[in-house]
Amino acid sequence: MAGRTDNSIVIDAPMELVWDMTNDVSQWAVLFEEYAESEVLAVEGDTVRFRLTTQRDEDGKQWSWVSERTPEPENRTVTARRLDNGLFEYMNIRWEYTEGPDGVRMRWIQEFTMKPSAPVDDSGAEDHLNRQTVKEMARIKKLIEEAAAQAGGDGSSAGEGSDSVQKATANGDRGPVFRVLLRAEIAEGKEKEFEDAWREIGEVITGQPANLGQWLMRSHDEPGVYYIISDWTDEQRFRAFERSDEHIGHRSKLQPFRTKGSMVTTDVVAEMPKAGQTR
């Protein structure tokens, strides 16, 4: 008899935010505690093929596999399956999103059969998956609800605080700078499209009062790799913009080109202009 799990959770956030955050596979290493890395391998129509790599277990081992998923936004469902099954004969997953009075109910249905050589049978795998799913759903709920609060629930927005921005930039003194460093690996042949899309989006971002400027850099040493620097007046206003519906829409425009990415946030502690020049 095949294994099956069926779990759901209600997320107090708008449907579009829940849908966009959970379907941005390139960010699953942030969204899921289990994964150390999520890499988009190909996008064909609405279907995304990607590789997941787990965090190291207590023995220092990592597990990796390739899956594909096809979102259907018109009925708010996603069908997914593992392509290299590992310990499974097969693994199919269905995601369902339903709006209700308390928020969006996100449901995962996993159907599978373990291989005879696997260390656990279907029942043992069900127990493990149920425990892990409850844990991951709680984490996802927390992250999305925090994003919803930052985007509008706490009364702040990325555009607030223009007076403080003007003070920070007065007389050439920018004051403390919150700097975001991003690394993006772009699918072969998609580099020009990515650059064009980034420029279009970048003009919107640099129009934010809290943004101090952005730079896009193409690596000389790593084919298809780009680095982005984005300077902000402070972390609070950056996070508000990052979690806004507007910026989630920006990320969705870049998703078809990106296969892998990472982000580091920093505080600029010292700046040294060229001798004889002032900022």
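Salt bridges up close

Analyst: Let's begin with arginine 107, which forms a salt bridge with glutamate 96; their closest N and O atoms are 3.1 Å apart. This pair links distant parts of the chain, as arginine 107 lies in strand S7 (residues 103–114) and glutamate 96 in strand S6 (residues 88–100), eleven residues apart. Keep in mind that the model is predicted. Arginine 107 counts as partly exposed, at 27% relative accessibility, whereas glutamate 96 is buried because its relative accessible area, 18%, falls under the 20% cut-off.

Now to helix H5 (residues 191–205), where lysine 192 and aspartate 196 are four residues apart, so about one helical turn separates them. Their side chains meet in a salt bridge of 2.8 Å, N to O. Lysine 192 is exposed, with a relative accessible area of 54%, and aspartate 196 is partly exposed at 36%.

Helix H5 also holds glutamate 195, whose partner, arginine 218, is in strand S9 (residues 211–218); the two are 23 residues apart and link distant parts of the chain. The side chains of arginine 218 and glutamate 195 meet at 2.7 Å, N to O, in a salt bridge. Here arginine 218 is exposed, with a relative accessible area of 54%, while glutamate 195 counts as buried at 12%.

Finally, back to where we started: Arg107 and Glu96 belong to one network with Arg4, Asp6, Arg94 and Glu111, joined by salt bridges that share partners. Across the whole structure, a search finds 23 salt bridges.

Technical notes
Residues numbered from 1 in each chain as written. Predicted model: local features only at pLDDT ≥ 70, side-chain atom pairs only at ≥ 80, totals over all residues. Heavy atoms only, no water. Salt bridge = Lys/Arg side-chain N within 4 Å of Asp/Glu carboxyl O. Buried < 20%, exposed > 50% of the residue type's maximum accessible area, 1.4 Å probe, protein only.
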